[in-house]
Amino acid sequence: MTSDSPFSASAPPAPDFARASLFLDFDGTLVGIAPRPDAVVVPPGLAAHLRRLSEIFDGALAIVSGRSLPELARFLDGFDGLLVGSHGAEARGMAPPLARPPAGIVAVQAALSGFAAREGLLYEPKTLGGAVHFRDRPAAGAAVAAFVEALAAASPGFAVQPAKMAFELKPEGASKDRALAALTALPAFAGRAPVFLGDDATDEPALAWAGAQGGFGIKVGPGDSAARYRLPDPQAVLHWLGMEG
């Protein structure tokens, strides 16, 4: 289903703890988008609630994010379940879907950070790449896109990942749908219908994949989406997950 309205797709049914597996994006899904990636506000008790949910789902729950794995683990300190970072290139609790990181990571990061410094933009370092954000300067978006695309063309093993007001270089082949496919091969996920929640263009392949595998996607916020269902914001996501306050 596609639409620009945040309310055009119906609200999702209550989580089916016995028959579904649950995959959750982080930024824009569990926490609101912040002016800087390091300024997100994690709701009190989120990690503990995710830990309880993982137990209720018999382990068939994972956080799947574009964040670097160490950063994701820091924000969710107290949650000891499955974490997938860098769009599937890193993982905790399973072998990462990406078998081998690309060469040249240091050079790519230096190029991205140097460009961001010259242009007065925000550089976000990642374990296996990096991102340049232009939220404070929307007019710089075209220049950021052109630089990142040119850098990707000159850097074998890397691919461009558009995001909300940012462009990122990530390892080629790393994607959230591929991460979900690897997760569902784990014993805890066997026989369960995948449900994925995400808000960004980076999440669309996984939202579509969940629907194609007999489950469904839940788009968080406005914008076109392959998801069957929709929730308006992270607060609604937390309510849907049974976390009050």
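Predicted model: local features only at pLDDT ≥ 70, side-chain atom pairs only at ≥ 80, totals over all residues.
Q: Which residues of α3 are buried, and how wide an arc do they cover around the axis?
A: The buried residues of α3 are Ile-105, Val-108, Gln-109, Leu-112, Phe-115 and Ala-116. They are placed on the same side of α3 because the arc that they cover around the axis is only 135°.

Q: Which residues of α3 are exposed on the other side of the helix?
A: The buried residues of α3, Leu-112 and Phe-115 among them, are covered by elements that include β5 (122–126), β6 (129–133), α4 (141–153), β7 (158–163) and β8 (166–171). On the other side of α3, the exposed residues are Val-106, Ala-107, Ala-117 and Arg-118.

Q: Is Val-108 buried or exposed, and with which residues is it in contact beyond its neighbours within four places in sequence?
A: Val-108 is part of helix α3, and its relative accessibility of 2% falls under the 20% limit, so Val-108 counts as buried. Its C-alpha atom is separated by 9.7 Å from that of Val-148, a residue 40 places away along the chain. When neighbours within four places in sequence are set aside, the contacts of Val-108 are with Leu-151, Ser-155, Phe-158 and Leu-169.

Q: Which residues of helix α5 (residues 176–183) are buried, and within what arc do they fall?
A: In α5 the buried residues are Lys-176, Ala-179, Leu-180 and Leu-183. Viewed down the axis of α5, these residues line one face of the helix, because they fall within an arc of 100°.

Q: How much space lies in the largest cavity, and how is its lining divided by class?
A: Two cavities of 30 Å³ or more are found when the whole structure is searched, and the largest cavity holds about 390 Å³ of space. Its lining comprises 26 residues, of which Asp-27, Ile-33, His-133, Ala-163 and Asp-200 are the closest to the centre, and the elements that contribute two or more residues are β5, β6 and β8. By class, the residues of this lining are eight nonpolar, five polar and 13 charged.

Q: Which element gives the most residues to the lining of the largest pocket?
A: The largest pocket contains about 180 Å³ of space and is lined by 15 residues, with Ala-14, Asp-16, Ala-20, Val-195 and Phe-216 lying nearest its centre. The lining has ten nonpolar, three polar and two charged residues. Two or more residues come from each of β1 (20–24) and β9 (193–198), and the element that gives the most, with three residues, is β1.

Q: Are Asp-58 and Ser-86, which have a positive phi, buried or exposed?
A: Asp-58 is not a glycine, yet its phi is positive at about 55°, and a positive phi of about 55° is also found at Ser-86, another residue that is not a glycine. Asp-58 is placed in the loop between α1 (46–56) and β2, whereas Ser-86 is placed in the loop between β3 and β4 (90–92). With relative accessible areas of 57% for Asp-58 and 4% for Ser-86, Asp-58 is exposed and Ser-86 is buried.

Q: What distance separates the C-alpha atoms of Gly-242 and Asp-58?
A: Gly-242 belongs to the segment after α7 (234–240) and is partly exposed, its relative accessible area being 46%. Although Gly-242 and Asp-58 are 184 residues apart along the chain, the separation of their C-alpha atoms is 17 Å.

Definitions and conventions:
Residues numbered from 1 in each chain as written. Heavy atoms only, no water. 1 Å grid on protein atoms, 1.4 Å probe; cavity = no way out; pocket = protein on both sides within 12 Å on 5 of 7 lines; lining within 4 Å. Points joined across faces, edges and corners; volume = space filled by probe spheres on them. Helix = DSSP H or I, 4+ residues; strand = E, 2+ residues; numbered from the N terminus. Nonpolar A, V, L, I, M, F, W, Y, C, P; charged D, E, K, R; others polar. Buried < 20%, exposed > 50% of the residue type's maximum accessible area, 1.4 Å probe, protein only. Arc of directions from axis to C-beta. Contact = heavy atoms within 4.5 Å.
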